[in-house]
Amino acid sequence: IVSLMASSEFTKQYHLQPMHSFEKLAVIFCAKNCEKTITDSVRCVKDAQFFNMQTVTIIVDGFSTDNTVKVAKEAGATSVIHQPEKKFPGKGIAMIADLAEAAKLGADVAMFLDADIRNLTSEWLTKLAEPVLHHGYDMARGYYDRRPRDAAVTKLVAKPMISVFFPELVQMEQPLSGEVCGTMRAWSSLLERGKHNDSNNV
């Protein structure tokens, strides 16, 4: 199931792009000590139906102490890179590095996924990508069932702030979800406007 987000600001500035204007999708995993799950993650990307687009898989490793890098290469990832700086938390640094790698590989669309998900499926990835690849949205964010006590930051901080500053987005189920797909143009615009740093505000 996918929660769609196409802000009015984006749709006013950029024409919605039909599927045929995209040629390459980068599927990106920010990974740290994920040797037990990274093989299945890469396999799911290979099995997914992304409307006949060329797909590249990028892994950025956050200084793992296990065999994540070796296993990712053996699984067939297109590119395995290392997080540029050894900082924790470093997901923002990793995401910026990933987007740079995706741009270098000529991607039109970039999808971020958590590398430690144990029940990821190719069908779920296809559903996450479909709004962007097939329906002209700038970005789609995934969500999934959670236990009542999960997601304290989302419930107590993120959603209340969104309801105040961006009330048009209050219907978003999980605004901090790590599973998100967007056009490279949208990602570039967010980075330029957000004055990003190395934290999760990316």
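**Group meeting: a walk through the predicted model**

Quick housekeeping. This is a predicted model, where local features need pLDDT of at least 70, side-chain atom pairs count only at pLDDT 80 or more, and totals for chains, interfaces and linings use all residues. Residues are numbered from 1 along each chain as its sequence is written, and side-chain values use heavy atoms, with hydrogens and water left out.

Of the 202 residues in the protein chain, 48% count as buried; buried means under 20% relative accessible area, exposed over 50%, and partly exposed in between, with a 1.4 Å probe and protein chains only. As for contacts (heavy atoms within 4.5 Å), take those between residues at least 6 apart in sequence: 74% of them join residues at least 24 apart.

Now, S64. You'll find S64 in the loop between β3 (54-61) and α3 (68-75). Is S64 buried or exposed? S64 counts as buried, because its relative accessibility is 18%. The side chain of S64 makes a polar contact with the side chain of D61, at 2.4 Å. A polar contact here is a pair of N or O atoms within 3.5 Å; within protein, one must be able to donate a hydrogen and the other to accept it, and residues adjacent in sequence count only if both atoms are side-chain atoms. A polar atom of the S64 side chain also lies 2.7 Å from the backbone nitrogen of N33. Setting aside neighbours within four places in sequence, S64 is in contact with A31, K32 and N33.

On to the cysteines. How many disulfides are there? The count is zero, with a disulfide taken as a pair of cysteine sulfur atoms within 2.5 Å. For C34, the closest cysteine sulfur is in C30, 9.9 Å away, so that is too far for a bond. C34 is buried, with a relative accessible area of 7%, and C181 is buried as well, at 0%.

Last stop, S188, in helix α7 (residues 184-194). S188 is partly exposed, with a relative accessible area of 35%. The C-alpha atoms of S188 and A103 are separated by 10.0 Å, although these residues are 85 apart along the chain.

Definitions and conventions:
Helices (H or I, at least four residues) and strands (E, at least two) are DSSP runs, numbered from the N terminus.
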